[in-house]
Amino acid sequence: MPDHPSYDVVVIGGGHAGAEAARVAARGGRRVALVTMQREAIGRMSCNPAIGGLAKGHLVKEIDALGGLMAEATDAAGIQFKVLNRSKGPAVQGPRAQCDRDLYAAAVQRLLAAEPLVAVIESIVSRVDFSAGAVTGVALADGSRIEARAVIVTTGTFLRALMHSGETKTVGGRFGEASAEGLSDSLRVAGLSLGRLKTGTPPRILATSVEYSRMEVAPGDAVPRPFSILTDRIELRQVSCWTTYTGAEAHDVIRRNLHRSPMFSGQIKATGPRYCPSIEDKVVRFADKERHLVFVEPEGLEHPWLYLNGVSTSLPPDVQDAVVRSMPGFENAEIARYGYAVEYDFVNPQQLEPSLQARGVEGLFLAGQINGTSGYEEAAAQGLLAGINALQFLRGAEPLVLGRERAYAGVMIDDLVTLGTEEPYRMFTSRAEYRLLLGCDSVYERLTMLARSLGIVDDERLRRVEARLERTAAARLQLEESELTPDRETLAWLEPLGLSITGPTTISRLVARPEFEIDSFFSHCASSGRFSGVAAAFDGLSSEEKEGVVNHARYAGYIEKQEREARSVRDDETLRIPAEFRFERPGLSAEVVEKLRRVQPASLGQAARIPGVTPAAVAVLRMSLRYEQRSANGPGRGAANLP
């Protein structure tokens, strides 16, 4: 076969990571070849047709702020929107959307088709080619070749993939789709060590075979809140989900058939996700639980299937039939597709730079489940940052590395490259030590101007972000400048709101009180004509923006404290460790040196987060790095250049 034209970037895989990587590289002005097994599978939702959730929703908002496509596609396909944890603080709330799986894939494909610099090539990459420690291109299964200076590997669960259903094993990374068999070998040639992980999916049920009256309705929010700043309103018809549960009958069936489960028979040797276990794993690990909750979710407005969230399994079909039909509402259910597990190769992410470039291999970037993560959102965020850093590599510019105080994506990537993972990694708000700084309401002011400086944000998104920041800044200023004194008139005015003051204050300080209720306050302002400037400033805000302004006032003290903590460690984050730096130093034990050499931290801050690297060892490293900086800068010049 004749070779293809050369490209600046080759993206391997058309999943959530690959779609983000391809679009952002094209938006940066580079010619991109997106190589995928099936064009119609681009953006396909392999498992649950849902986007967002706790911490995952934060990742989607960050993707939108940086110019990514996941939020746009979600708004075009969302059929139920819900903010989870509404009763808790804003730092741990999570927007989520149930999607129409067909509309979602169509939206991703449409967004990519709008990029003239993205070419989709249907094929399988059999090999990544290297020369002198740098990528030169890829070879395809048909014998042809694509030359490129940057390659982004986003293969998901398709590397040497093996599907399991009971005793049956089938080669493939997804139902009806092939496995990428040769690529793992070329990654090993590049010096990368690989391991095996496992994921799974539940059975799909014919929607017409279920008795909905025997389940509990799980509605979405009355007013859907879009994910993307480009979306004014959700246009699709919204639907309900339902809940049911497994019980004693299902658990007895599972226990009697554990010997037929690939997980327990030894047929599957890879590690599965701790936080999304199979139903058979739940029954064994939580033997005292009488039942397990199951979310019943439609796969689309017109799609004939239901998704059973919480019943992931690789048990044989006859066992799945018995388990499903034991659940309330599913007594006569028909399974349209049985659940199965997938084993696949992944790369230990400690072998990557914080830019997601493979250490020691110029131009080779990895993103998504190949790095040991689980979930669409984790994959998409990595794909976006890998695409950005492939751009920066081609530009000869510094990579974009988001700090832990700046983005959940930064927390995730730092966790992966510093700590590695032995099981599929999932993002949680608890992983972020500065989560008060990482709310969905502040995502655009944290990230969009940064994306603008990289030339990857479209004009309309930028216009909307700038307008949003102006509106919210004006509303904050109104709150801070609107003063109240405890005179008789003011006290009488506050009494219907259940508020009182004993000295001069501002509305901003009132907002911080737990008894303050925003809607009642502005309704009172409107009816009384008092503080009309505040009311007018808030009247122009969306519900999300109002909550953001109120939360900023309410948690200002805590936010300032976390900002001080982040500043106190920023010096260590900016103190870079050169690639040629030797860790063998007086004062560092052999164990610490071994850990440092394995991870090869890019900064002193990253070194300090490696388990087993003590504060004393960090102090030795800091002194050594500063000494070498001063020596490199010459007499009289070093101090001025220190972080």
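Modeller: Happy to! Let's begin with a definition: Ala, Val, Leu, Ile, Met, Phe, Trp, Tyr, Cys and Pro count as nonpolar, Asp, Glu, Lys and Arg as charged, and the others, Gly among them, as polar. Please keep in mind that this is a predicted model.

Biologist: How do the residues that line the largest cavity divide under that rule?

Modeller: The lining of the largest cavity has four nonpolar, six polar and five charged residues. Among the lining residues closest to the centre of this cavity are C440, R225 and Q93.

Biologist: Which elements supply at least two residues each to the lining of the largest cavity?

Modeller: They are α2 (56–65), β5 (94–99) and α18 (543–554). With four residues, α18 gives the most.

Biologist: What lines the second largest cavity?

Modeller: Its space is about 80 Å³, and its lining includes D441, Y444, R468, E544 and V549. The elements giving two or more residues to this lining are α12 (443–453), α13 (459–481) and α18. The lining divides into three nonpolar, three polar and six charged residues.

Biologist: Now the strands. Why do β7 and β8 count as paired?

Modeller: Two strands pair if there are at least two bridges between them. Six bridges join β7 to β8 (residues 134–140), so the pair meets that cut-off. In one of the bridges, F130 has V135 in β8 as its partner.

Biologist: Which strands are the edge strands of that sheet?

Modeller: The sheet is open, with three strands in the order β7-β8-β9 and antiparallel pairing. β7 (125–131) and β9 (145–147) are the edge strands, as each pairs on one side only. On average, neighbouring strands are turned by 25 degrees against each other, direction ignored.

Biologist: And where do the domain bounds lie?

Modeller: The domain assignment gives domain 1 (204–343), domain 2 (469–566) and domain 3 (575–641). Taken over C-alpha atoms, the centres of domain 1 and domain 3 are separated by 49 Å.

How values were computed:
Residues numbered from 1 in each chain as written. Predicted model: local features only at pLDDT ≥ 70, side-chain atom pairs only at ≥ 80, totals over all residues. Heavy atoms only, no water. Axes fitted to C-alpha atoms, helices over the stretch in contact; angles between N-to-C directions. Domains from an automatic or database assignment. 1 Å grid on protein atoms, 1.4 Å probe; cavity = no way out; pocket = protein on both sides within 12 Å on 5 of 7 lines; lining within 4 Å. Points joined across faces, edges and corners; volume = space filled by probe spheres on them.
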